[in-house]
Each structure stands twice: as C-alpha cells, then as structure tokens.
Amino acid sequence: MTNGKDKNAGVFSRSGAVPLRLVLLLFSGLLLVGCQKKGKEGQGAVGRPFEVVLVGNDDDALGAVEEALSVPCEALPQDEPAFDVVKTGKTLTPATRIYRNIVVVETDSSRYDHTLIRHEKNAFVTGQLLVYVTSPSARRLSKDLDKKNADRLRNMLERNELNAAAARLNESHNAQSERMIREIMQLNMQVPEGMVRSKQGKDFVWLSDDGVEVMQNICLYSFSADAWDYRRFPDKRDSVMKANIPGEKDGMYMETVGRTVLARQQQGRLVFRGLWQMSGDMMGGPFVAHVVEHQGRIIVAEAFVFAPGHKKRNTMRQLEAALYTVTLQDR
C-alpha cells in the first residue's frame, strides 16, 4: 500500500503489494402506507447507528415486533441483531420523538380490523423514520408479521440508516481517493474520509483506513464479462484477491469462505455477502460486494472488515453506504 447460494443480477445507476497483516498492524397480510413531512427546521434526528426506539401499549405485540427487529444479521462471523431495540414506554414523549428510528405499536380491536404498517419521514425531526404498526390484537399481529413482512419492516429502517450514513459521507469524504478511482476505474464514488491508504493494480484499487483494532477496506475491480456466470462469483473474487491482497508469507492470500456466500437483488444491483479468510493464516471477517455488468465488463465494488473481538454490523453497513454512491462512466 501507498499513502495517498441463491443468486440473481442487477445494475448500477449511470452518470507493489504489501501483506495484509502488516497493514492490520500499522422485509400478504400487511399494508404499507407512507407520507413525508419536513421536520423541525434546524433539528436533526439523534440516536446510535441501527438503534430503534420501540413504543407501545401491548407487551405481547411489542415482543413480536422486537423479535422481528432483532433477528441476526446475515453473513457476519458472530450473531449480531439487525437492530438494537430500546423500549421506552407506552407513548412517545418529547424526549423520545427526536430519535432517528421509531416504531410505535398499538393493538385495539375497536379501532382496527386488520394489521397496518404506515410510516412518516421527518415527522418530528429531520432524518427521522417514524413507523406505526397497528393491529386488532397481538395474536393477529404475530400472524401477519411473517418472514416476508418482517423483512420489509427491517428494510424500511435499514434504508433510513443507509441514508443517514450517506448524508454523513456527503459532508465529509476523501477527494484524493475519489480522483484516483475516476482515473483508474472510470467510476465516481464518495470515499470515507478515513481511507488514507491505497494500493493500485490492473483494474483494481484497494483503499483502507489502516485501523489497528478495526480495519475498514474498500476494493474496486473489474474483469471481462466474457463467459460471466454469477454463480461462480466467489471463484472470480478469489482469483482477484489472490493476485492483489497477499498474506504475510508466501502462499498466503485472501479467499472467500464458499458456503457462507448469499446473493440477491438489492436496490438495482446484485449483492453478495459472505465471509473471507486468509489462506494459511488466522485472519478473516465479513465482506459485501456490489456487482454489475457495464460495457462488456463486470464491475465490483466491495467492502470488507477485519475486526477481531469487535462487533462488525455497524462498520459493514456504514461502509456499504459508500458502495451505493458508485456511478459508472462510459469508457
């Protein structure tokens, strides 16, 4: 470095090797209704990343929603919940309505004859997602909140978190690394400001924050679309990483932990999630890769983390927000 398996397909919007160890050391039955308000001028939402404030009048119904929000994240080496749920009481108060993600749960058979989920953006403060979950009873709610609909609920909240991360990134990003990406990869991307280290290769860029305890990384690479088969993405990824991210000793290199890889369409692109490891070394962690075909090339924007002993959900999701800023240039 120098300073500086269930699968589908999708598209982006248009518009000298150093060992890795050395760097480490150095969401049927529910209806969704939405509306948007402006929020109070000058006041932004508060809350930790991927934190949800849960409010409601029925403990059983609250439990069903909490369970839906607390399922383990996909493709992490240890179980971490999708969201950190904070229960705060039966109704919203001035102190709780300023949070970024709020879910209000209410059951009342005299008012509701079916389960309904509706949401408001910026209801009390800017950047807020306020979700109302109403149902005749906790039993009906539990039945309607099946896997598909629970996924949709989580996706609503996750999009709001990604939007918050993107807003932070828009305020502070690394112009120097962005220029390098444009020149080498013909891509536009907002790069986190802390990505101060880089390595370049043929149709390949590796960026890192050079963190000691938690190391954040972004890789951008491309290869010919000839004979491209998305089912073989892990193999292609391995060949790219073997060539560009060696280990500390000869014969060590980054590789994909094959059976961990999940793939699906997500916001207009093919997204792979899984785990990586260093062949021949005790190193590894999660990765996410966004893949698209463009002008005869396969373009990959990937983030991966090495953070032994640390939680990884927030770091991975915040890095993924940067991947969503990628736009393609015509060659």
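Which residue in β6 is the bridge partner of T107? The partner of T107 is S135, and this pairing opens the series of close-up views below, which are drawn from a predicted model.

**Figure 1. Strand β6 and its two pairing partners in the predicted model.** Strand β4, residues 101-107, pairs with β6 in the parallel sense over 7 bridges. One of the residue pairs linked by a bridge joins T107 to S135 of β6. Strand β5, residues 116-121, pairs with β6 in the antiparallel sense, over 6 bridges. Here L116 has T134 of β6 as its bridge partner.

**Figure 2. Burial of strand β6 and the direction of its side chains.**

**Figure 3. V131 and the largest nonpolar core.** This core has 52 residues, and those with the most contacts inside it are V65, L69, V103, V105, V131, M189 and I218. Leaving aside residues up to four places away in sequence, V131 touches I102, V103, V104, I117, R118, H119, L153, M156 and L157. A second, separate core has 26 residues, including I245, F272, A289 and V300. In soluble globular proteins, nonpolar side chains tend to be buried together.

Figure 4. F50 lies in the loop between β1 (31-36) and β2 (51-56). With a relative accessible area of 3%, which is under 20%, F50 counts as buried. N122 counts as buried at 13% relative accessibility.

**Figure 5. The second largest pocket and its lining.** About 240 Å³ of space lies in this pocket. The pocket is lined by 15 residues, of which L169, P192, Q216, Q318 and L319 lie nearest its centre. Helices α4 (147-171) and α7 each supply at least two residues of the lining. The largest share, 5 residues, comes from α7. By class, the lining of the second largest pocket has 7 nonpolar, 5 polar and 3 charged residues.

**Figure 6. T315 in helix α7.** Helix α7 covers residues 313-323 and contains T315. T315 has a relative accessible area of 15% and is buried. Not counting residues up to four places away in sequence, T315 touches V214, Q216 and V305. Of these, Q216 is also among the residues nearest the centre of the second largest pocket.

**Figure 7. E248 and D281.** E248 is placed in the loop between α6 (233-244) and β11 (253-266). E248 counts as partly exposed, at 39% relative accessibility. From C-alpha to C-alpha, E248 and D281 are 8.6 Å apart in space, while 33 residues separate their positions in sequence.

How values were computed. Residues numbered from 1 in each chain as written. Predicted model: local features only at pLDDT ≥ 70, side-chain atom pairs only at ≥ 80, totals over all residues. Heavy atoms only, no water. Buried < 20%, exposed > 50% of the residue type's maximum accessible area, 1.4 Å probe, protein only. Helix = DSSP H or I, 4+ residues; strand = E, 2+ residues; numbered from the N terminus. Pairing = 2+ DSSP bridges. Contact = heavy atoms within 4.5 Å. 1 Å grid on protein atoms, 1.4 Å probe; cavity = no way out; pocket = protein on both sides within 12 Å on 5 of 7 lines; lining within 4 Å. Points joined across faces, edges and corners; volume = space filled by probe spheres on them. Nonpolar A, V, L, I, M, F, W, Y, C, P; charged D, E, K, R; others polar. Core = buried A, V, L, I, M, F, W, Y, C linked by side-chain atoms within 4.5 Å.
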